[in-house]
Amino acid sequence: MAEYDRRTIEELVDGTIDFYKLKDMLSNFKDKNRFETYLSILQERVPWSDPILLPVGLHLYIVQKQDGSRIVKCDCGHEFCDEKDNWKLHSMIHVRDTEEKMSEIYPKLLAPDPQWQVIREYYCPSCATQLEVEAVTPWYPIIKDFEPDIDTFYNEWLQRPLPIGE
Amino acid sequence: MARRAQILAIDAGGTMTDTFIIDDKGDFVVGKAQSTPEDESIGLLNSARDALTYWDTTVTDEFPKLLAGVYSGTAMLNRLVSRKGRKVGLIVNKGLEDFHRMGRSIQSYLGYSYSDRLHLNTHRYEPPIVPRSLTRGVTERVDLFGNVVIPLYEHEVEPAVEELLEQGVEAIVISLLQSYKYPDHERKIRDIANEVIQRTGKKIPVFASVDYYPVRKETHRTNTTIIEAYAADPSRETLQKINTSIKESGATFDLRVMASHGGTISTQANELARTLVSGPIGGVVGARYLGEYLGIPNIACSDIGGTSFDVALITQGDLSINSSPDMARLVLSLPLVAMDTIGAGAGSFVRIDPNFKSITLGPDSAGSRVGVCYEEGGIDTVTVSDCHVVLGLINPNNFLGGEIQLKPERAYEAVKTQIAEPLGLTVEEAAYGVIDLLESQLRNYLESMILGKGYSPSQYVCLSYGGGGPLHTAGYIKGLGFEDVLVPAWAAGFSAFGCGAADFEYRYDKTLDLNVNDGAVDEEKVQAGDQLQVAWDELIEKVAVEFDKNGIERKNVDFRLYFRMQYQGQLNDLEIEAPISSFRETQDWDALVNAFEETYTRVYAKAATSPELGYSVTGAIVRGIVDVAKPRIPEEPLVGETPPEEAYLGKRNVYWDGKYLEADIWEMEKLQPGNRIEAFAILESPATTFVIPPGFTTYLDKHRIFHLQEIE
């Protein structure tokens, strides 16, 4: 069974890992301790101490609060909402729905027609980090991307206790 | 006993140089020495010296007796894979400067296992051999029929070449769209480039793709011409140095190099890129030679090495050729002996799938590091070889002739903790399960390969060779119903034997597009035939020029004409030897069509022939062959069924299908022609092990070839 040192998983998180090393990892069965190592690296890098249960984006985590609730939290410490709720609805949203706004990021004539497609950018209200970008039709609802069943994941898949019991 | 060394075959690898010296009785010795990349001839002579010590003789004594020498090596391939070739500049059509960089999408996953091919995250393009900064465009355009749509803007060539020279390129490659249809523009650019280079006083070779590979598919053609300039041409000097050095040691022949089309070529050959991939085809070439000698037209060749299982078919005495193979993750337009490979060999890693608790094999392997049982190899994952050791199939004290000491207790412990315990099996059951799984994978693969090509195993004789082949032959042929199953006593050296048995042969290909409808009038047939003949003449000339470099006259060359044909609009063509010696009249066209339909019927089905679609000739091929000395196939008088006592080495406990059995151990070299060996037996030789499991029997024929038979 493959096993990797902490340094390798850090490189993986940072995206600085050598491709051939990565290819070997991708082609192999997943190492048993990966999630634990991965989570502890993420935990070490955030300035707050609420235990991370699961990452839900590049800068977002579902964390366990002392009072038993589970909320979505940003790198910077901004707390969005309960994990059952859609964090996107609690963020700052910038919609590029005119040719002018499109032209800020696309060369002329290479942008989508805003009547057909708009670009929605989601930002953290505290640190202004871009958290997510969607290219969708203008009428498209704001979808919740990911609805993890954290209890089953911990109890049955990982077989590992949750940081705070139910 | 005085030896008569006959053939020298050299396999120069990245770390070790192996030499095989074959005598007139088919006996051979293998020598090994460290490769010496700065001057390969040093390693080669050390290796030959090492080989000849087994015969108590020396290079000075034996080299003058040699009749031929064949080189195959990975030095060139290493130059390519490790990207240590020349700095090459590329001139293409203006507007298409990125096509080499973009490549074909298949190049992003070539060489991957099936699961990785499906797993897109693993796909990746290697950096191009010629970077975009060394690529220049020149305006011109030729359509696919060979008509000039935009003439060549000659005034653009000079600045393009000058810019490349300023950047310090060491070679220039020219490749234009459809140039195989209209070569003039590429040649014009080549001539201008040569003038510019001459003016600057530099000495830089220029490679126009049409002078090398006048074939369709520009990515393939460009890649191949670039490799020629980047890695192959720079190796010419190395080869000539080796040639000089063996001549100084008394050899009287010109060294030949194994080439991908299954023949050997001179070090002075125009196209050297095809010598890059020559290693694995040696065995197939040897099988064809053996088949010719024994009168066996259809052979299924199977070879198990440390990392892979290779299968190739010889049908009606002919190898099949793949005209767009790949190498070092590049698609190429070289003729390569077609071979199918799966990543399952003696060194394949054995693991338990953590999700499904099933045994998985490979696709990665320990290669020369054997397995856990070889402590010095530093491997800690169980390999197939470890299972062999656990079962008692291989003798840990006689692996590679005792060169490597294996530790059975290490193998036992590793199989126990990694495979047996997680599955709740005994160690022997687990190891036997691994071997059983491997053999059924190989068997399925072999069968599907033959059935997939439209044939059936009962039409073929299966030939098994390589270091690991005979160990599993019985397992992977079981129940397939081959006409016969052969294991040459020199199985381990069979690839080298094959290199020695290769013809001195050049093969050149040219793409054509000649369409003739069903029921066409005679004039159309003659017109198409005449164009085919023009292509053949051009290729004959090219072949003759090559042989001329070695002072071989045209009249001594056996020219064989081939063509590629398909039904109009179909995607796959067939390569067929022309039933005519030259094209003269309408009947000749009909003969070509008949030959095509006969082959089509054999490969697909009679009912699939579709003459109403009309015919396309898609290519002309010429092979020129010159007789050379080849290794002799041994022939000894038959002695009798009872093997001699001195060949008997005793008994060993071997675990087989649920219980320990006592197997007879025989020394392969001491068995005599005519001997029959009953199961359960293991035949050992320094470099291979041949297992005769229950349900099988074998006898050794007068050519020192074992026939393995299944008992009903």
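Two strands are said to pair if DSSP finds at least two bridges between them, where strands (E, at least two residues) and helices (H or I, at least four residues) are DSSP runs numbered from the N terminus. With that rule, one can say that A:V95 stands opposite A:R120 in β6(A). This is a predicted model, in which local features need pLDDT of at least 70 and side-chain atom pairs count only at pLDDT 80 or more, while totals for chains, interfaces and linings use all residues. Residues are numbered from 1 along each chain as its sequence is written, and chains are lettered from A, and ligands numbered from 1, in the order in which they are written.

**Chain A as a whole**

- Chain A has five helices and seven strands, and read along the sequence these follow the pattern α-α-α-β-β-β-β-β-α-β-β-α.
- Along its principal axes, the C-alpha trace of chain A spans about 50 × 45 × 30 Å.
- A residue is buried if 20 or more other C-beta atoms lie within 10 Å of its own, exposed if 12 or fewer do, and partly exposed in between, with the C-beta atoms placed from the backbone; buried residues make up 11% of the 166 residues in chain A.
- Chain A is divided into domain 1 (1–45) and domain 2 (90–136), with bounds that come from an automatic or database domain assignment, and the C-alpha centres of these two domains lie 32 Å apart.

**Strands of chain A**

- Strand β5 (residues 92–96) of chain A and strand β6 (residues 118–123) of chain A pair in the antiparallel sense over five bridges.
- On its other pairing, β6(A) is joined by six bridges to strand β7 (residues 130–136) of chain A, and these two strands also run antiparallel.
- A:R120, which stands opposite A:V95, also stands opposite A:E134 in β7(A).
- The strands β6(A) and β7(A) form a hairpin with six residues between them, and A:A128 in the turn has a positive phi of about 60°.

**The residue A:H78**

- A:H78 lies in the loop between β3 (70–74) and β4 (79–82) of chain A, and this residue counts as partly exposed because it has 17 C-beta neighbours inside 10 Å.
- Two residues are in contact if their C-beta atoms, placed from the backbone, lie within 7 Å; leaving aside neighbours within four places in sequence, A:H78 is in contact with A:K73, A:C124, A:P125, A:S126 and A:C127.
- The C-alpha atoms of A:H78 and A:S40, which are 38 residues apart along the chain, are separated by 20 Å.

- The domain assignment of chain B gives domain 1 (84–230), domain 2 (504–626) and domain 3 (635–712), and 56 Å separate the centres of domain 1 and domain 3, taken over C-alpha atoms.
- The expected span of a helix is 1.5 Å times one less than its number of residues, so the 14 residues of helix α1 (residues 40–53) of chain B should span 20 Å, and this agrees with its end C-alpha atoms, which are 20 Å apart.
- Among the buried residues of α1(B) are B:L44, B:L45, B:A48 and B:L52, and what covers the buried residues of this helix includes β1 (5–12), β2 (16–23) and α9 (218–248) of chain B.

**Chain B: strand β14 and its partners**

- Strand β14 (residues 309–315) of chain B is mostly covered, since six of its seven residues are buried.
- Strand β13 (residues 299–304) of chain B pairs with β14(B) in the antiparallel sense over six bridges, and the two form a hairpin with four residues between them.
- In β14(B), B:I314 is the bridge partner of B:I299, and B:I314 also stands opposite B:L319 in β15(B).
- The strands β14(B) and β15(B) form a hairpin with two residues between them, and B:Q316 in the turn has a positive phi of about 50°.

**Cores**

- A nonpolar core is a set of buried Ala, Val, Leu, Ile, Met, Phe, Trp, Tyr and Cys residues joined through C-beta atoms within 7 Å; the largest has 204 residues, and those with the most contacts inside it are B:V88, B:I172 and B:V415.
- Apart from this core lies another, of 12 residues, among them A:I62, A:V63, A:F80 and A:Y122.
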